[in-house]
Amino acid sequence: MLRRRPPSFKHRRGLRKPSPTHTPIPLLEELKSTADPAAALRLLQHADPDLLSYPVCSSLLYRLAKAHLVPEIDSLLALLRAHRVPCKEAAFNSLIRRFGSDGLPDRAIDLFHALRSFEFSTSAPSVQSLNSALAALVENCRFKQARALLAQSAATFGLRANAVSYNILIQGCCAAEGSSSARLLFDEMLQKGIRPTVVTYNVLIGHSAKKGDLGTGARLKEEMVRRGVQPNAITFALLMDALCREGNYAAAKKMMFDMEYQGCKVGLVNYGVLVSDRGRRGDLDGARALLAEMKRRKLKPDVPIYGALINYLCGAGRTAEAYAVLVEMQVEGGCEPNAAAYRMMADGACRAGDFEMASRVVTAMLASGHCPREETLRCLMNGLCGIGKVEAACSVLEEMARREMELDGNGWKALVEAALVPAEPKIKTTQPGPITTQTVTL
């Protein structure tokens, strides 16, 4: 008797139960529909306290932080504290890092020390919160304060630093005190029984490579292999970049074969180093050949690689090729250009005097939700006036007004002069066949 073959794991995996649908929270939906985050906070302050929950408050906390509304953030934190709303530490860690990126390290540290005053399901602060606070300090060049916080957290909160903590400190130490002090931190890490990660070594290798000390970088790579830490594509990219800066492009390209031999797959970051080097040295045909090589190896170039090529082509005045690359990245590469790619293309077209191309790029940029620089729009408007495209120039002026950008005196002068020039008659010719009839539209 034939027994029915059981379904394979692949098929069984497809029979998983669908994830449960989440019930919408009315107050959360109402806050999300309020465009102004400050107005949403006022709405929350007048809501029933029983409706306050972590999803509602964390969503608004993120919006307030993104809008840099520090007094409103304080009000929301006071509301959370007063009503003992159960929270999760992730939202506070994000806020600590946001304070750091906004140049407010003191606020970040104050919030870290105040975490125990909030209602958490687990003990706070955790080592993740510590790492967020360390990152906020290091980002604002407060390395000594970060070192002191690490020691203080161990004594006050009983927090044991992990590899991420030391990676942050080592990165800050490289910038503040140099590689010798960073190596002492690395040794301290080993003494405490914390195993270095590939990120730890990449920070040290990257600092050595940036200083032009390729020998130290290579020795660090050998050391990490001896300690059982596998180099990744970024490790090799850092060394390749150092070789390229020394003018040894051939050795950098050969390193991609070496990394594959050592079991590390070549990534976009490695080709990005080579493309940037070719562009810096003016070998734009070589940079385009690298893109073709990537496609042969089934590697899809990403936005930074396309953007670098566009930048260098525009810098060389080859704007038509740059525009072709911009189109290629969308049609063939499936990449949506970012604001930087659009800005480089628009500025390059303006520098080349091709204002019709620049106008097309700016139109696509606005449709994609990106904003051109004020200088770009001024240059574009002046250029359109110079070639008699008054209507298009007025459209640019309207866009500037919507974004509260100002036009300088030269721009107004160009617009007035272009408006005073009489329009040339448009001649419509009947086709096909020889020209027999002409219709002039005045």
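1. Contact of helix 8 with helix 10. In this predicted model, Val127, Asn131, Leu134, Ala135 and Val138 of helix 8 meet Val164, Ser165, Ile168, Leu169 and Gly172 of helix 10. By class, this contact has 7 nonpolar residues and 3 polar ones, with no charged residues.

2. Geometry of that packing. Two packed helices are described by the angle between their axes and the distance between the axes. Helix 8 spans residues 127–139 and helix 10 spans residues 163–176. Their axes are 9 Å apart, and the packing angle is about 5 degrees. Angles under 35 degrees count as roughly parallel, so helix 8 is roughly parallel to helix 10.

3. Largest pocket. Rolling a probe the size of a water molecule over the atoms shows where empty space is left. The largest pocket holds about 450 Å³ of space. Its lining has 21 residues. Nearest the centre of this pocket lie Gln171, Val203, Gly206, His207 and Lys210.

4. Who builds the pocket lining? Which elements give two or more residues to it? They are helix 10, helix 12 (198–210) and helix 14 (233–245). Helix 12 gives the most, with 7 residues. By class, the lining of the largest pocket divides into 12 nonpolar, 5 polar and 4 charged residues.

5. Cavity. A search of the whole structure finds 1 cavity of 30 Å³ or more. The volume of the largest cavity is about 40 Å³. Which residues line the largest cavity? They are Tyr54, Cys57, Ser58, Leu61, Leu80, Cys87, Ala91 and Phe92. Helix 4 (54–66) and helix 6 are the elements that give two or more residues to this lining. The largest share, 4 residues, comes from helix 4. By class, the lining of the largest cavity has 7 nonpolar residues and 1 polar residue, with no charged ones.

6. Aromatic pairs. How many aromatic pairs does a search of the whole structure find? The count is 4. One of them joins Phe92 and Phe120. The geometry is edge-to-face, with 5.2 Å centre to centre and 75 degrees between the planes. Phe92 lies in helix 6 (residues 89–101) and Phe120 in strand 2 (residues 119–120), so the pair ties together parts that are 28 residues apart in sequence. Phe92 is also one of the residues lining the largest cavity.

7. Backbone points to check. Most residues other than glycine have a negative phi, and most peptide bonds are trans. Which two residues does a cis peptide bond join? They are Ala124 and Pro125, with omega at about 0 degrees. Pro125 sits in the loop between strand 2 and helix 8. His68 is not a glycine, yet has a positive phi of about 60 degrees. The place of His68 is the loop between helix 4 and helix 5 (70–82).

Conventions: Residues are numbered from 1 along each chain as its sequence is written. This is a predicted model: local features need pLDDT of at least 70, side-chain atom pairs count only at pLDDT 80 or more; totals for chains, interfaces and linings use all residues. Side-chain values use heavy atoms; hydrogens and water are left out. Axes are lines fitted to C-alpha atoms, for helices over the stretch in contact, and angles run from 0 to 180 degrees between N-to-C directions. Angles under 35 degrees count as roughly parallel, over 145 as roughly antiparallel, 65 to 115 as roughly perpendicular and the rest as oblique. Contact means heavy atoms within 4.5 Å. Ala, Val, Leu, Ile, Met, Phe, Trp, Tyr, Cys and Pro count as nonpolar, Asp, Glu, Lys and Arg as charged, and the others, Gly among them, as polar. On a 1 Å grid over the protein atoms alone, a cavity is a set of points where a 1.4 Å probe fits but cannot get out, and a pocket is an open set with protein on both sides within 12 Å along at least five of seven lines; lining residues have an atom within 4 Å of a point. Grid points are joined across faces, edges and corners, and a volume is the space filled by probe spheres set on the points. Rings of Phe, Tyr and Trp (its six-membered ring) pair if their centres lie within 6.5 Å; planes under 30 degrees apart count as stacked, over 60 as edge-to-face and the rest as tilted.
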